[in-house]
Amino acid sequence: MDPDPITKATYIKVYLALLALLAATVAAVFINMGPFNILVTMVIAITKALLVMLFFMHVRYSPRLIWIYASLGVIWLTYLIGGTLTDVLTRI
Amino acid sequence: MKELNYITNGYSVKSWLLTKDHKRIALMYLLAITFFFFIGGMAALIMRLELLTPQADVVQAETYNKLFTLHGVTMVFFFLIPGIPAVLGNFLLPLMLGARDLAFPRLNLTSFYIYVLGASFTLAAAVLGGVDTGWTFYTPYSSTYSNTHVITMAVGILITGFSSILTGLNFIVTTHKMRAPGLTWFRLPLFVWAMYATSLIILLGTPVISVTLALVALERGFHMGIFDPALGGDPLLFQHLFWFYSHPAVYIMVLPAMGVISEIIPCFSRKRIFGYPFIAFSSMAIAVLGFFVWGHHMFISGQSIYAGLVFSLLSFLVAIPSAVKVFNWTATMYKGRIYLRTPMLYALGFIGLFTIGGLTGIMLAALGLDVHVHDTYFIVAHFHYIMVGGTIMAYLGGIHFWWPKISGRLYPEFWGKLSAMIVFIGFNLTFFPQFILGYLGMPRRYHVYPPEFQVLNVLSSAGASILGMGYLLPLIYLIWSLRYGEKAGDNPWNATGLEWKTPSPPPTFNFEETPVVTEEAYAYASRPELGHV
Amino acid sequence: MSDKELSHQFETLDQQADAATLGIWAFLATEVLFFGGLFMLYTVYRFKFPAAFVECSKLMDLRLGAINTAVLLTSSLTMAFAVHSAREGQKNSTVGWILVTMLLGSVFLGIKGLEYYHKFAEHLVPGPYFQLDSPNRREAQIFFSLYFGMTGLHALHMIIGLVVLAVIAMMTSAGKFSKTYSNPVHIAGLYWHFVDIIWIFLFPLLYLIGNR
């Protein structure tokens, strides 16, 4: 296997960003933003997940096939949740 | 000194039970699924015996419920879903790709033992007294009210799901990473495309049924009331989760069968397949679209009518790629030189019966019609036309087609043809009357019925006994051929495909040297030296 | 490169490594759907019972949850260091970072166990002994069923992860890996990061609903 394309320094920067996002998401609980609270929380969570995937899991430096398989699960989960919601949200 | 092949390379029990050879693992699966086919078949025979008369004479209602549950569970999870992938897929995929084995041989063996573990739990549940929820395990009956061994059977099935997942994973990686030099995606046999699409469905659908059955088990065991209406839970959510897998599961059961047909038709028409890219892409389309339609199992469940409309529309769409395949197989045979050997008889039977099953499927996609025939024998007939008239016929066709490669022997052609015809006749006699019964209103999963339905039921039961005979014959003559059958050469059908370029039976590592591929699949026209079948 | 590093079905070490990477990503896709069933149920029930979910989320221990999240994020960092060292062929470094990761993972499980114990003591475990003084008592059991189901499944994956890491650490220590071959470490790393990502979603979904 080739040597790691990502340096330890980069890993540490990503880690610090993750901790900062964790602090932000906890702080947001104490700030009333109405319906935006949930949006902010989810955006932060997705950002953290992407940082872990792109850097810790090397997806940023992986071939396209890996990008496809890395996204496949989430896309399919969206069908499961979306399809069920078409029922649950439209019941009379 | 005689060349060692995969069968003669080691005779000890340990060399089989701890094998990493995909071909030996395929044979172990063959034995296992044949055992479960027998169990599921016995359950069906007892049911059909009961249904000879309108009253209950053979079994009580509770026992009947356990029988149709056992029939559904064993046939779906332990025969049809593993079926072609675990037997023919495992055996053929590396050969068709020019590889020495699958990507992860030890994982393959692990898959098999996980299957055995799941099977043991399921058999234990049956022996302890069975389950009466139907193979569909609907809540809240399965999660709260049933007094049968639901947890044991649910655990058995969810464990077996992992066997399926690991096999699919193995196939995906093997297809991506281990093709022989020159074997581009569009030179692959269509069986490989079918296995790849199937593996995608397995990967993305099976985990959902595993977690869902686990939740039912937890609800029964630990009162984790997620589907419990008393806690505000919605039992319908179980159905959404269940069918999210179980609808694509029917494509897990039929796509490999279609892959087999795509191999048989060109060989016995001596012609390249018509519309190769369309068949390849239609397999992928079925895999994707198959995930969008699960709500058509829930039209009368209390699901929102608007969701029903969406699922109905999408269900019409999913029929299109299947139709494309039927047209292409037919076009392949047009102006071909047709040889009506046993595999071809099964393939032709498949095309006809799958078409009937598929057309009735389109009828069922229509919400209005489905409301009338839901939970009647119409549904039972529809899915048996696909699963038995389709998948099992393709499976038998494939077993016969590749039998020389697997065993090194030829099966007796007369008995092959005779059995195919008995199966075809028995099948139609069993299931065609069920369309009529369902349309007239006979409910499914009932052991009694109004007397006016008796004639049709008697026809169906008579058909079932003929069908059973048809299945028994190959069991006998295939085993007979292992000892007394004529020895097969490398390529008894003069077929294209890398699997025919190696001896029958193949050596353990498949090829002396890794083959290099320079031509398209099914190059019958450009290889006149192949001659006739 | 030793012959023992290349399995017989592969032609080159690169092919073998590519196969291993694709294999684990395909497996992680299945894991997304495995957890996904529970995420679907959560989505539906949160939509149906917003008040109950807000109320129950306030009963979660925000401090312990946040600490646990930080612990797991740190373990992801140390795991990335472990894989980095493995790819450089640095045996001792690799084993060291794996052990730190395992330690952090154990801390996570310890804190989780403590939280479970608290919930048990407060009668918030679904079933016949569930007690909550609230008009949302019925639906609260659904929240807690989901809480125990989702975090329980996650904890099970953590335990499996610890076992896998222990095996990998032993294999590394025994000198099975080198600069040219370290697939098992890499695969274990991807699995570990995935389990971390699941928690990255579980934490806000269970602990951060509504305002405090």
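Helices (H or I, at least four residues) and strands (E, at least two) are taken as DSSP runs, numbered from the N terminus. The structure is a predicted model, in which local features need pLDDT of at least 70 and side-chain atom pairs count only at pLDDT 80 or more, while totals for chains, interfaces and linings use all residues. Residues are numbered from 1 along each chain as its sequence is written, and chains are lettered from A and ligands numbered from 1 in the order in which they are written.

Ala287(B) lies in helix H10 (residues 276-289) of chain B. A residue is termed buried if 20 or more other C-beta atoms, placed from the backbone, lie within 10 Å of its own, exposed if 12 or fewer do, and partly exposed in between. Ala287(B) has 25 C-beta neighbours inside 10 Å and therefore counts as buried.

A nonpolar core is defined as a set of buried Ala, Val, Leu, Ile, Met, Phe, Trp, Tyr and Cys residues joined through C-beta atoms within 7 Å. The largest such core holds 271 residues, of which Ala154(B), Ile261(B), Ala26(C) and Leu146(C) touch the most other members. Helix H9 (residues 235-269) of chain B supplies the largest share of this core, 23 residues. At least three residues of the core come from each of domain 1 (1-61) and domain 2 (63-92) of chain A, the bounds being those of an automatic or database domain assignment. The centres of these two domains of chain A, taken over C-alpha atoms, are separated by 22 Å.

Two helix pairs were examined, with axes fitted to C-alpha atoms over the stretch in contact and angles running from 0 to 180 degrees between N-to-C directions. Helix H12 (residues 342-365) and helix H14 (residues 377-407), both of chain B, have axes that come within 8 Å and cross at roughly 160°. H12(B) and H14(B) are therefore roughly antiparallel (over 145 degrees; under 35 counts as roughly parallel, 65 to 115 as roughly perpendicular and the rest as oblique). The residues of their contact comprise 14 nonpolar, 10 polar and no charged (Ala, Val, Leu, Ile, Met, Phe, Trp, Tyr, Cys and Pro count as nonpolar, Asp, Glu, Lys and Arg as charged, and the others, Gly among them, as polar).

Helix H3 (residues 64-88) of chain A packs with helix H1 (residues 13-48) of chain C at an angle of about 20°, the axes being 9 Å apart. H3(A) and H1(C) are therefore roughly parallel. Their contact contains 22 nonpolar, 5 polar and no charged residues.
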